[in-house]
Amino acid sequence: MFQRREYEPEYALLNDSGSKPVNRYGKPIDTVPPGDPLREQPFVINGEELPQQNPNRYKQHGFHFTADNCIACHACEAACSEKNDLPPHLAFRSVGFVEGGSYPDYRRINISMACNHCDDPVCLRGCPTRAYTKFAEYGAVLQDPDICFGCGYCTWVCPYNAPQLDPVKGQVSKCNMCVDRLEVGLKPACVAACLGKALDFGVIENLPEGRIQAEPAIPGFPRTDITHPNIRFQQMKSIQREMVRVDGTALKYHRTGDREGYRPELDPKKGFRRQWNLGRLLGSHENAHIVFTLGVQAAMGAFLLLVLGGWFGLPAVTALRNSPAWLPSLGLMVLVTAFGLFRLNMHLGKPHRFYRGFYNLRLSPVSREIAGVSAFFAGLLGFTLFNLFDGEWARPLQFLFALLGLLGMGFGGYYMYRLYRIPARPFWDHWHTGASFAGTGLALGSLLLALVALPFGELTRELGQLLATVAGSGLALEGLGLLAHGLAMRTADSEGAASWYEQLTTHGHAYWLRNLLLAGSLLLAGWLAVHGGGPWLFALLAVMALVSAIIGRALFYVLVIPTTMPGAFFWRNRAFVEHARDTGLAEMEPLGVVYERHHRFDLKALLRTIREHSPRQMWEQVREIVLAGPRP
Amino acid sequence: MLFGRTKKNPIKMPDKQVREWRYAVCGYCSTGCSIEVGLDAGGRAVASRGVADADVNRGKLCLKGIFEHELFDSAGRGTRPLVRDHFRDQWRATDWDSALDRLHDGIRRVQERHGRDSFAVISTGQMLTEEFYTLGKLTRGLIGTNNYDGNTTLCMASAVSGYKRSFGSDGPPGCYEDFEHTDCLIAWGSNLPEQHPIIYWRLKEAQEKRGFPLIVVDPRVTMLAQNANIHLPIRPGTDVALMNALMHVIFSEGLQDDRYIEANTNGIEALRAEVEKWDPVTASRVCGIDEDSIRVVARTFARAPAAMQIWTMGINQSTHGSDGVVGINNLALITGNIGKPGGTSLSITGQCNAMGTREWSSCSGLPNYRYLEIPEHREEVARFWNIDPEFLPRQRGMFQTDIYQAMEAGQIKGLWLIATNPMSSLPNTARIRRAMEQLEFCCVQDCYVDSESNQYAHLYLPAGTWAEKDGVMTNTERRINRVRPIVDPPGEARPDLWIFNRVAERFNRDGKVKFPERAADIFLEMGELSRGRLADISGMDHELIEQNRGIQWPYTAEQRERGEEPPRGGKRLYTEDGSFRYPDGRARLIPLPFVDNNEQPDRDYPFWLNTGRLIEHWHGRTKTGKIGNNNKFSPIPFIEINPDAAAGLGIRRGDYVRLVSRRGDAIAMAQPTQRVPPNMVFLPFHFHDCANRLTLGLLDPHSRQPAYKQSAVRIERIEDQVHAARLSKEMRKF
């Protein structure tokens, strides 16, 4: 139990005398109704069961922030880091700011934010390992690093940058609402530390003493409709029509006429110079995703072509099937899928916990993607295996595995797309993501087959035209998606506009190279589809399409800018983090910036887990995954 | 609601397993917050928290205090005495006895060769009061050099000098409780939210309750300026003109407190005659504040039943620093705002124990605000210490800043540098380097071996820091508070007091002068010496101080014998008529003619260079640069530059720029912000080899404090950003 001192100052004490029945979104403030079995379950912190002392334990709590008063003294952040024993590169709470006006008519608004313990925690929905729990106690959303396998998906979906992925430990951790302090009647450490009289805490929708506003947002605060965050604001002092971000993100906030207040808008901070920055583009931690998505999508496209072509009796496919190129084609598909899966797994913070990826089948698109892709891979493997045999007996098995592969492909492919439709990442949250994935599958899938057929001399005119047609449609689909995406992002009143800007500047050369390659390969594919062509043209098409796909996918990952709160000039400034890593400043330990790193597959830990759990427990776990998920 | 699981996970929360909390007053700024450091079962300091029943901070701490326990294990601590013949040689480890002998011999050799005063001792505002007192006794009573000063010359000398000139003695008359009574507050060049966050919190608490007008005088739109009722964005270095104009309005509109002036001051006629020349129109052309605002502020201030003024380095670090303080005191005196609840002129001090050194170090005179210039004081102290009164000089020697100029000119040949780092902190680094290079003998005594000044040392003595030691410190509101030894210094490092006592043994072979070993005993000796003085501490002892979470002086033995408890807070000076420290009990109103002698921006150097502090750093960053959870908020130097000016120079957010002054150049990262005017840049002074490569640091004629905040620079865009990043990185050792 948290040790309460004999004398605690008034400001540190929780003081809610009552509460409203429902919050502004219509949810009851009682997390669970009286008599609910969740109220009867013990509340255990660090192995210690606590008797209920706090009368408001089963009410949703949240922070109240008076933006007028925050002086950016960092006491809240420091108190939080001190209590949670965090290294400098991590913080559960951060202060960023926006500013506006002209000297001396200048105003800066500091925003201190941690986790908002949302009504609808997208982190909890998204986490494939079910490391998150929204507790009936205080409505706290807590995360267990011991369950987490370090994929970082929660950090993608959260609009507030609350979950923190630690590149050193390879796991996520986050604000725990200081529930141990709440249990003994104390406000969280950050609130007790506040020196500006800005940060407060209590039952949500209750006004702290001396406050008259409880607004859901202030300028710079991300959208509230995604998760219904449990934070309220007071901001009374007049501020300028435009408030700019001081971090490197090319955004400012512009006043709208309506109650919405302020909307993000492009602020081209670095001018419009086009650059390469290839190192940053291709050297990022997201490389694993590039390899995984491209590899699996190519294999899926090829699989689709082969299986459906076989079923519908397309002569070109039948001819391929009866050629010596058939098994090498299947083999290469198995290889690229396996390599993609391997790279994906090894980029996890805790690769040896891979099996946990299935835990949240009921809610997480990531779990579903993993399940679907695994089914596809199983189907592909089975299909390949039974293609080694000629006997009649193998046919139904080939069919069954083909069917499994297609089902897995449909399910996994769909969720591979769905998982990027994240409202907090506007650059991805567009149908072009789907168009790009499907288009890549068709284009790279057909070219994969063409490349295998080529050395065997099996790339017949018929097969060549078929593959060029499919590849061309894939490229066209991707191109269409990109056009629509570009138009949407250019005019977006969201972080998408800043991503668009980075695309044209920081990665401008790579962007135009990709566009050229895409257009060129589309033309070439069209030519080959109509006229056919020799092996060198196919090889050229394959190379152009592959390079275009790699650059395109790298851009997709490197350009996304989440709808997070603004950073400061150094701390929580992505531009400074990149600068520190590029220049080696990050080597200095007290700088608060660390390098991304890979984590080894800890076989011993995996074996230990297997040893320590009986088959019965494992079965229970499976049952739980399928039957007893989170409940509304 | 959506719950993660039907079966709850066990909750695991970090628990540092603190077994014991130990008390100390914070070792950073002069606010004087009470801290408890938590020790785990292995005796390691793992946590810090504010002491909830301490009147000063009431449980709060700023981010530096919150991580103060990490100081003990921080990088770069010195663990062994080191010695070398020339500063270009490699260090050799040595033992304490040889090291201390070497210091003794070094001092005596320089003195014999070049005269007594050719050896200088420069100390600090960072040590404990008992240590200051002991060092003072050793230096004045045994070593016998008159060139003995502290780095407080860089922060508080103007306040000291101004108080002395106005009131006849140093000693801030107000207290934090004044915020709760005041009806108007003027902050002169003080950015409390960044420099003294806990004092700001006290102010904010009071202001939310009572809503008094806050007037901020600052050329930069600081958080305090932004939150003020009235912000006066003054032209740098012209505060005295504004003060004169405010007094002009007060007198011309008859808003002064005649009764108070009559009963408590001398010099009203001369003052009136001088301010007569400073009508708001004339003043507005000098200080850049329009005449109407001057009138409004004068009326608001003078009509308030109780009005207070606070100030920090915006006033002190200027060529008119001492005059600025006198001007503030003048304003307070003519409106009767001294010594009453909510009415005061309160200098917000810099270092944790700047007050302790002012009171007890004998740097500027003799203990407890005694003067070398007064024969009775020399007699009294010499008798008390058992030394020959003739051994004491008849007037104070040079200030730290003058000592360095004398070093440069070859008059000072030896130096003992204690817990201060002039290589970072003095203006015009190039000259400081030249001065240090010439020393025949230099001893650096510091808790950090990587202190940049150590580059020029021949002898390094590893000292303890903060709560590795035992003693007291005095804060801004004259509150003496206790530091307890929480952990031992690392390796062979020793508390400064231990070092001073061992050095004293070597100068005191006959044992004539007594040097008590325990801090508690030294404190009692100081108490004796304080009887009847302004800073009378004879009623206190270590135990009582800790019990009370600090006691404001004066608290006399008589009060204690009467059974009078020390007050929790709210103790003021000069509360009665005629109680000032001049012999006639009256304060002096001193006219302040104003001549602007600052370096001004011109065609070649078109920007004002304004330097200042960041909340996350402490002075030369030797401490906070090593604590990641402090340092990360500004790990490299940057300038605030107006976006319009930046655009004109082709400078973008995050670019490295070169700043060039008539003294040298520096590299910093550009942060465009409308916080500063188009003709000014703000540069934090914390970083080594940065701000002070540029500053001119003209000296105040009274306090000899450098004007860090008024220099001229030009800004150059750097074409090769990669090279600039490399240079900037190389200059940051930690």
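Author: Let us begin with the overall form of this predicted model. A compact globule of 632 residues would have a radius of gyration near 26 Å, so the value for chain A agrees with that expectation. The radius of gyration of chain A is 27 Å.

Reader: What percentage of the residues in chain A is buried?

Author: A residue counts as buried if 20 or more other C-beta atoms lie within 10 Å of its own. Among the 632 residues of chain A, the buried share is 54%.

Reader: Which strands are the edge strands of the five-stranded open sheet in chain A?

Author: In this sheet the order is β5-β4-β12-β13-β14, with antiparallel pairing. An edge strand pairs on one side only. In chain A, the edge strands are β5 (105-113) and β14 (262-266).

Reader: Which residue is the bridge partner of Lys252(A) in β14(A)?

Author: Strand β13 of chain A covers residues 251-255 and pairs with β14(A) over five bridges, in the antiparallel sense. The partner of Lys252(A) in β14(A) is Glu265(A).

Reader: Which helix lies across β13 and β14 of chain A?

Author: The helix in question comprises residues 495-504 of chain A and runs at about 10° to β14(A). Its name is α15.

Reader: How far apart are the end C-alpha atoms over residues 463-484 of chain A?

Author: UniProt, in an unreviewed entry, lists residues 463-484 of chain A among the stretches given the feature "transmembrane region". In the model, this stretch is 100% helix and 0% strand. Its end C-alpha atoms are apart by 32 Å.

How values were computed:
Residues numbered from 1 in each chain as written. Chains lettered and ligands numbered in written order. Predicted model: local features only at pLDDT ≥ 70, side-chain atom pairs only at ≥ 80, totals over all residues. UniProt positions renumbered as here; feature names shortened; annotations may be inferred. Helix = DSSP H or I, 4+ residues; strand = E, 2+ residues; numbered from the N terminus. Pairing = 2+ DSSP bridges. Contact = placed C-beta atoms within 7 Å. Axes fitted to C-alpha atoms, helices over the stretch in contact; angles between N-to-C directions. Rg over C-alpha atoms; globule rule 2.2 N^0.38 Å. Buried ≥ 20, exposed ≤ 12 C-beta atoms within 10 Å, placed from the backbone.
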